[in-house]
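Here is a friendly briefing to read with the model open beside you. It moves from aromatic rings to salt bridges, and then to a few single residues.

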Amino acid sequence: MDYFSGIAGVSLTFVVMMSVCAIAILLLIFGLYLDLKKWSRGVVSYGLEPEEGKSGSIIAFIKAYWKQLTSHEGVHHGQSFWKSLILDVCLQRRTFRASKGRWFMHMLIFIGWMGLFALSGLMFAAELTHMAGVHFDIEAFRTMLQFPNQILGYMLLIGVLIAVVRRLFIPKVRQNTNSYDSVLLITLLIVVITGFVAHAGRYIVMGASAFTGIDAIFYDYEIWTLGGMMFFNTYVKELALTHSILALFVGLAFIPYSKYIHMITSPLTILVNKGGEK
């Protein structure tokens with residue numbers, strides 16, 4: 001089975017793309033391993049290194065975390081695990097109380113990012129199932145996912161654009177933004193935009209270029225290819241490959257090596273503290 005992504009008009013095979021995915025996943029796992037090693041040595045803040053000569057054990061760290069998570073002693077807010085998970089992790093109640101605008105931005109990015117990740121995993125599972133000999137219309141399944149894919153993509157795009165605007169026009173946020181934050185944000189914006197362009201070009205090449213009604217709103221292929229410009233038709237496979245590589249290595253593998261790691265550390269901290277601020 002071939003993927004739509006490719007080079008010089010030639011699609012990459014399933015094996016090649018799965019090899020690239022495997023590299024990204026291995027980098028993710030290795031990064032998480034390094035983070036766990038640091039945490040086991042008493043370092044929980046991003047960008048800090050352990051004290052020289054201080055050793056730790058990942059297993060000991062996991063055991064200590066679990067003990068604190070299940071303990072009713074120490075610093076905590078007295079909430080149940082599920083209440084903390086739903087209100088403070090999933091719904092980000094603390095951020096909502098601090099700033100409703102920032103909460104709206106965070107929720108758009110969180111839901112869009114995690115939703116697109118889930119849809120990609122679902123499509124990957126469907127492809128493996130189809131290759132294993134379970135016969136079903138995989139193209140119909142792919143088409144069924146296009147609408148939620150577009151919705152989630154726009155949620156992520158709007159969230160990232162709000163983040164950009166905040167850093168450009170709100171003095172306090174701009175002062176707290178360094179070049180590293182800007183590079184991460186711009187890179188994420190490029191990932192989202194290349195995704196829309198690759199998605200649009202794919203369907204124009206397939207001949208799906210005229211839509212009416214709700215399709216004109218969410219299946220906006222002509223807009224993202226600037227009216228179906230020949231450039232997008234010619235290099236659509238390369239654009240799709242660019243998006244795939246960026247999504248895998250920036251949106252996934254790079255998480256434990258960057259400030260994106262807060263998507264993991266913040267929920268862990270909130271859960272172990274039995275909830276957020278009251």
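At 36% relative accessibility, Phe81 counts as partly exposed, where buried means under 20% relative accessible area, exposed over 50%, and partly exposed in between (1.4 Å probe, protein chains only). This is a predicted model, in which local features need pLDDT of at least 70 and side-chain atom pairs count only at pLDDT 80 or more, while totals for chains, interfaces and linings use all residues. Residues are numbered from 1 along each chain as its sequence is written, and side-chain values use heavy atoms, with hydrogens and water left out.

**Overall picture**

- The protein chain holds 14 helices and 2 strands; helices (H or I, at least four residues) and strands (E, at least two) are DSSP runs, numbered from the N terminus.
- Of the 278 residues in the protein chain, 37% are buried.
- Among contacts in the protein chain with a separation of 6 or more, 69% are between residues 24 or more positions apart; contact means heavy atoms within 4.5 Å.

**Aromatic rings**

- There are 7 aromatic pairs in the structure. Rings of Phe, Tyr and Trp (its six-membered ring) pair if their centres lie within 6.5 Å, and planes under 30 degrees apart count as stacked, over 60 as edge-to-face and the rest as tilted.
- One of the pairs is Phe81 with Trp82, which is edge-to-face because the ring centres are 5.2 Å apart and the planes are at 85°.
- Trp82 has a relative accessible area of 58%, so this residue is exposed.
- Trp113 and Tyr260 also form an edge-to-face pair, with ring centres 5.2 Å apart and planes at 85°.
- Trp113 belongs to helix H5 (residues 100-131) and Tyr260 to the loop between helix H13 (236-253) and helix H14 (262-272), so their pair ties together parts that are 147 residues apart in sequence.
- Trp113 is buried, with a relative accessible area of 10%, and Tyr260 is buried too, at 9%.
- Lys100 sits over the face of Phe96, 4.6 Å from the ring centre; a charge sits over a ring if NZ of Lys or CZ of Arg is within 6 Å of the ring centre and within 35 degrees of the ring normal.

**Helix H5**

- The 32 residues of H5 should span 46 Å at 1.5 Å a residue, and the end C-alpha atoms are 46 Å apart, which agrees. The expected span of a helix is 1.5 Å times one less than its number of residues.
- Buried residues in H5 include Met105, Leu108, Gly112, Leu116, Leu119 and Met123.
- An α-helix has 3.6 residues a turn, so residues three or four places apart point the same way.
- Just after H5, Gly133 has a positive phi of about 110°.

**Salt bridges**

- How many salt bridges are there? The count comes to 2, taking a salt bridge as a side-chain nitrogen of Lys or Arg within 4 Å of a carboxyl oxygen of Asp or Glu.
- Asp88 and Arg93 form a salt bridge at 3.1 Å, N to O, and both residues are buried.
- Glu127 and Arg142 form a salt bridge, with the closest N and O atoms 3.8 Å apart.
- Glu127 lies in helix H5 and Arg142 in helix H6 (residues 138-144), so this pair ties together parts that are 15 residues apart in sequence.
- Both Glu127 and Arg142 are buried.
- Asp35, in helix H1 (residues 14-40), is buried yet has no salt bridge. The nearest side chain of opposite charge, Lys38, is 4.6 Å away; Lys and Arg count as positive and Asp and Glu as negative, while His and the chain ends are not counted.
- Beyond its neighbours within four places in sequence, Asp35 is in contact with Pro256 and Ile261.

**Around Arg93**

- Arg93 lies in helix H4 (residues 93-98) and counts as buried at 18% relative accessibility.
- Leaving aside neighbours within four places in sequence, Arg93 is in contact with Gln79, Leu87 and Asp88.
- Gln92 is in the loop between helix H3 (81-90) and H4 and is buried, with a relative accessible area of 13%.
- Gln92 has a positive phi of about 50° although it is not a glycine. Most residues other than glycine have a negative phi.

**Ser266**

- Ser266 lies in helix H14 and is partly exposed, with a relative accessible area of 31%.
- Ser266 and Val89 are 177 residues apart along the chain, and their C-alpha atoms are separated by 8.1 Å.
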